[in-house]
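Student: I've just opened this one and I'm new to it. Could we go through it together, question by question?

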Number of protein chains: 4
Amino acid sequence: MTGPDDTRAVPRRLLSEATRLFAEQGFDRTSVQEIVAAAGVTKGAMYHYFGSKDDLLYEIYARVLREQTERLEKFAATEEPVARRLFAIAADVVVSTIANLDDTTIFLQSMHQLSPEKRRTVRAERRRYHERFRGLIEEGQQTGEFRTDKPAEVVVDFFFGAVHHLGYWYREGGRLSAQEVGDHFADLLLSSLR
Amino acid sequence: MTGPDDTRAVPRRLLSEATRLFAEQGFDRTSVQEIVAAAGVTKGAMYHYFGSKDDLLYEIYARVLREQTERLEKFAATEEPVARRLFAIAADVVVSTIANLDDTTIFLQSMHQLSPEKRRTVRAERRRYHERFRGLIEEGQQTGEFRTDKPAEVVVDFFFGAVHHLGYWYREGGRLSAQEVGDHFADLLLSSLR
Amino acid sequence: MTGPDDTRAVPRRLLSEATRLFAEQGFDRTSVQEIVAAAGVTKGAMYHYFGSKDDLLYEIYARVLREQTERLEKFAATEEPVARRLFAIAADVVVSTIANLDDTTIFLQSMHQLSPEKRRTVRAERRRYHERFRGLIEEGQQTGEFRTDKPAEVVVDFFFGAVHHLGYWYREGGRLSAQEVGDHFADLLLSSLR
Amino acid sequence: MTGPDDTRAVPRRLLSEATRLFAEQGFDRTSVQEIVAAAGVTKGAMYHYFGSKDDLLYEIYARVLREQTERLEKFAATEEPVARRLFAIAADVVVSTIANLDDTTIFLQSMHQLSPEKRRTVRAERRRYHERFRGLIEEGQQTGEFRTDKPAEVVVDFFFGAVHHLGYWYREGGRLSAQEVGDHFADLLLSSLR
DNA sequence: TATGAATGAGGTTTCATTCAT
DNA sequence: CATGAATGAAACCTCATTCAT
């Protein structure tokens, strides 16, 4: 909960509290009243900065997508062999997903509650991300490093299923650190590709 | 939508329409009114058979869990080597998940909308299923067929993440049949374990 | 609650459970379902014997009124001086009210929930009872035993207010027995009349 | 009914119409829709000011209790002999009860429909009032002005029964004015105490 | 920028009653 | 005599959103 001493800008506070509440209770179960109360403002203030409750959700998505894409680009741009690049990216997406588990949880549970138009935008961005990832697998298949009897698309869906599901079981302070899970997942992915 | 010629018993019709609507629109976005209209009865009838909207969701879960557990037991009981048993089970869970994609979608999106008490029951049953699956991996690790440098639990979560996400991308009539996806997924799992 | 071994006739059991539940929760807060469950029968059975939920209430009233009127007549018919007759009646109405506190509670709280027609019937009977009681006071005023500077009607309303309120404070097993309260009340009434 | 020209604040109007309707039809028989229609607002407005229908009832109680307590304190604080103070208070409680007959009627008929927590609060306040009244009787018993063979508590219950029942028979414009009834009742009380 | 009163539509649930069996 | 499935109306309440200030 945001105290009266929270000096972050109001929109930032609203987004942050909305993220937490959506992840905890779901989008539909969270009322605008709860969000503004948690952020320490009134409804009018929220509607001053955001067009609707939907908008809040969209902004959360947009930030997650932007950050994930940036990270992927950073790792993909190195000169390493493709297997190492893929490993690094796979491990990193796990680590960063765990670091922002709330956002990912919302992403998966609330996507279909977005207005159709915004849903299209989000989906398109998501697809671009997947295609970038798939490109790396295909690159490895062409260089002969990865097996070619599995469609790259299936492997991508296989792997991102696992990633998206982290929110259902991963708990901070559990047996494995985020980095360890990332390494395990990346290793399982690479193993299955050889 | 159920027409006036649908002669199935009312509770069955209600469950079936509820499943479809929950999967399409989400639990919270689906009104009781929509469900009963689709089933061709009135609200009173629904509350005669089910204690609440929640109950409807719970009954859907209970059926899915029961059926999946039965299938696992059937495949696990054969005399095959553990790698073959695991492959068969992994492929089958994909096929049966695709065959009941609506139910699985609901499972993942609406679990947290269940009342706490019922959620506990469902989670306990789910855990039993996972543990049974994990036991097979551990068996393979003990016989030396599977690598031992990966915790069996991580592998289970990795694989079921992929399975649970089928609903997000698999479309009937697409490039791959359910069986093909099942074989691919099972193969990826087994490959990553060797 | 009525057990399966309750061999009283069904209508009697229904009335008895209804009385208890109405007194505990109020007429509107008690559902037909609760009543029939407590009586160990189904709704159909209730509607076989009683025309409506209202009817149950009416039957309860009718019994109370009949019994109270009978008692008053019995005491009024003696040859005692009027002060003694009035004392006996006043004390007795307290004792019998306490003995049937549930019925009286219902009477006061639920009268206005009766259908207009039945309400008229009940009110008329009630008025007759009050007039009979008032007659005794007037008799005492005419013989000079009671003061004449108080309208008999006011005294009746004064006294029956106190009687009807027994349900709000009297508790079985408290400091005073029903008879003691009856004697006190009758004594207060007679004192105030001299 | 409140017309569009009623310029009192919305909460005041809601309370006033609710009081009237509860007294006329009972709490359970009065719908929120009826109340807001009578007050000329929408349901949303009511729930903006009051947490629930229950709350409306509670606010009515709270006001009655507060006013009655204030009046009692005012009369009790004089230097008159105890008999005169008690007479004044007893007559006044009748007059003020008649002046707010709706509130009192609700008090008696609907108390048990209040939520348990609020009921406790109301009951505690009520008890304090009764104890204050009882204290006056005990004071008169100690000074020898009142008889001591009647427990003060019984006399209090006797008298307030009569007061609380005014709503069942007193009608504006009838034979007796509120003041006349008050004087009669107070006189009956004092007579019975000597 | 921000408030908070007010709207109006829609939500889940309850319930007295009916009726075919 | 009795059942219990089904109705349909109405109940209380929630909530995203608007707007005068």
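Student: By class, how many nonpolar, polar and charged residues does the surface near DNA strand F have?

Tutor: First, this is a predicted model, where local features need pLDDT of at least 70, side-chain atom pairs count only at pLDDT 80 or more, and totals for chains, interfaces and linings use all residues. Residues are numbered from 1 along each chain as its sequence is written, chains are lettered from A and ligands numbered from 1 in the order in which they are written, and side-chain values use heavy atoms, with hydrogens and water left out. A residue is near a strand if one of its heavy atoms lies within 4 Å of it; Ala, Val, Leu, Ile, Met, Phe, Trp, Tyr, Cys and Pro count as nonpolar, Asp, Glu, Lys and Arg as charged, and the others, Gly among them, as polar. Sorted that way, the surface near DNA strand F has 10 nonpolar, 12 polar and 4 charged residues.

Student: Which helix gives the largest share of the surface near DNA strand F?

Tutor: Helices here are DSSP runs (H or I, at least four residues), numbered from the N terminus. Helix 3 (43–49) of chain A, of chain B, of chain C and of chain D each supply at least two residues of that surface. The largest share, 4 residues, comes from helix 3 of chain B.

Student: How far does a polar side-chain atom of C:Thr42 lie from a phosphate oxygen of DNA strand F?

Tutor: Let's take B:Thr42 to begin with: a polar side-chain atom there lies 2.8 Å from a phosphate oxygen of DNA strand F. D:Thr30 uses a backbone N or O atom instead, 3.5 Å from a phosphate oxygen. For the side chain of C:Thr42, the value is 2.2 Å.

Student: What area do chain C and chain D bury between them?

Tutor: Contact means heavy atoms within 4.5 Å, and 34 residues of chain C are in contact with 34 residues of chain D. Buried area is the accessible area (1.4 Å probe) that two parts lose on being put together, summed over both. Carbon and sulfur atoms hold 62% of it here, and the total is about 3200 Å².

Student: Which residue of chain C meets D:Arg175 in a salt bridge?

Tutor: A salt bridge is a side-chain nitrogen of Lys or Arg within 4 Å of a carboxyl oxygen of Asp or Glu. The rule finds 8 of them across the interface of chain C and chain D. In one, 2.8 Å from N to O, the partner of D:Arg175 is C:Glu153.

Student: Which helix gives the most to the side of chain B that touches chain A?

Tutor: This interface has 8 salt bridges by the rule, and one joins B:Asp28 and A:Arg29. Helix 6 (101–110), helix 8 (152–164), helix 9 (166–169) and helix 10 (178–193) of chain B each supply at least two residues of that side. With 9 residues, the one giving the most is helix 8 of chain B.

Student: How far apart are the nearest C-alpha atoms of chain B and chain C?

Tutor: Chain A and chain D have no contact, with their closest C-alpha atoms 12 Å apart. Chain B and chain C do not touch either, and their nearest C-alpha atoms are separated by 12 Å.

Technical notes:
A polar contact is a pair of N or O atoms within 3.5 Å; within protein, one must be able to donate a hydrogen and the other to accept it, and residues adjacent in sequence count only if both atoms are side-chain atoms.
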